[in-house]
Amino acid sequence: MVFIFGEEMKNSVGRFIAGRVSTILDNSISPSTLRFYSSHSPPSSSSKLFVAGLSWSVDEKSLKDAFSSFGNVSEVRIMYDKETGRSRGFGFVHFPNENEAMSAKDAMDGKALLGRPLRISFALEKVRGVPVIVPRLPHT
């Protein structure tokens, strides 16, 4: 199995994945048998937000207006279905400042925009050509 993560996540993620895979396969797998590759270390913080739960009626202007009270929004992109032209329900909001992005995430996560609650996280860097596994960790 091959997974791509930053160096600081190898040990804890390796133990988690090995435990999950062992449970699924009813077999014992140690984290040392898994290989991890990282092309580079991800930045410690980001100014690009992933915004999910968008209503189909949300456009770039309304999304920018909703986030502009937290600082200067440098770019807004909503992802659309190629065949229907309808929103896929998620997009990205870029801030030039990391503190503004953090404030926007904290304030807007779970808040409703045009009748639907938003789910906001920091965007992951796009990696092409290799699978990226992001395990869902239980909330504690």
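Buried residues, meaning those under 20% relative accessible area with a 1.4 Å probe and protein chains only, make up 30% of the 140 residues in the chain. This is a predicted model, in which local features need pLDDT of at least 70 and side-chain atom pairs count only at pLDDT 80 or more, while totals for chains, interfaces and linings use all residues. Residues are numbered from 1 along each chain as its sequence is written, and side-chain values use heavy atoms, with hydrogens and water left out.

The chain holds 3 helices and 8 strands; these are DSSP runs numbered from the N terminus, helices being H or I with at least four residues and strands E with at least two. Going along the sequence, the pattern reads β-α-β-β-α-β-β-α-β-β-β. Taking contact to mean heavy atoms within 4.5 Å, 61% of the contacts between residues at least 6 apart in sequence join residues at least 24 apart.

Strand β3 (residues 48–52) and strand β5 (residues 87–94) pair over 5 bridges in the antiparallel sense, with Lys-48 finding its bridge partner in His-94 of β5. β4 and β5 also pair in the antiparallel sense, over 5 bridges, and here Tyr-80 stands opposite Ser-87 in β5. The hairpin of β4 and β5 has 6 residues between the strands, and in it Gly-85 takes a positive phi near 80°.

In α2, the buried residues are Leu-63, Ala-66 and Phe-67. They cover an arc of only 90° around the axis, so they sit on the same side of α2; the arc is that of the directions from the helix axis to the C-beta atoms. Among the elements that cover them are β3, β4, β5, α3, β6 (112–113) and β8.

Then there are the aromatic rings. The whole structure has 3 aromatic pairs, where rings of Phe, Tyr and Trp (its six-membered ring) pair if their centres lie within 6.5 Å, with planes under 30 degrees apart counted as stacked, over 60 as edge-to-face and the rest as tilted. Phe-50 and Phe-90 make a tilted pair, 5.6 Å centre to centre with 40° between the planes. Phe-50 lies in strand β3 and Phe-90 in strand β5, so this pair ties together parts that are 40 residues apart in sequence. Phe-90 also pairs edge-to-face with Phe-92, at 6.3 Å centre to centre and 90° between the planes. Phe-92 is buried, with a relative accessible area of 18%.

Charges turn up over rings as well, counted if NZ of Lys or CZ of Arg is within 6 Å of the ring centre and within 35 degrees of the ring normal. Lys-48 lies over the face of Phe-92, at 4.7 Å from the ring centre, and the charged end of Arg-86 sits over the ring of Trp-56, 3.5 Å from its centre.

Technical notes: Two strands pair if DSSP finds at least two bridges between them. Buried means under 20% relative accessible area, exposed over 50%, partly exposed in between (1.4 Å probe, protein chains only).
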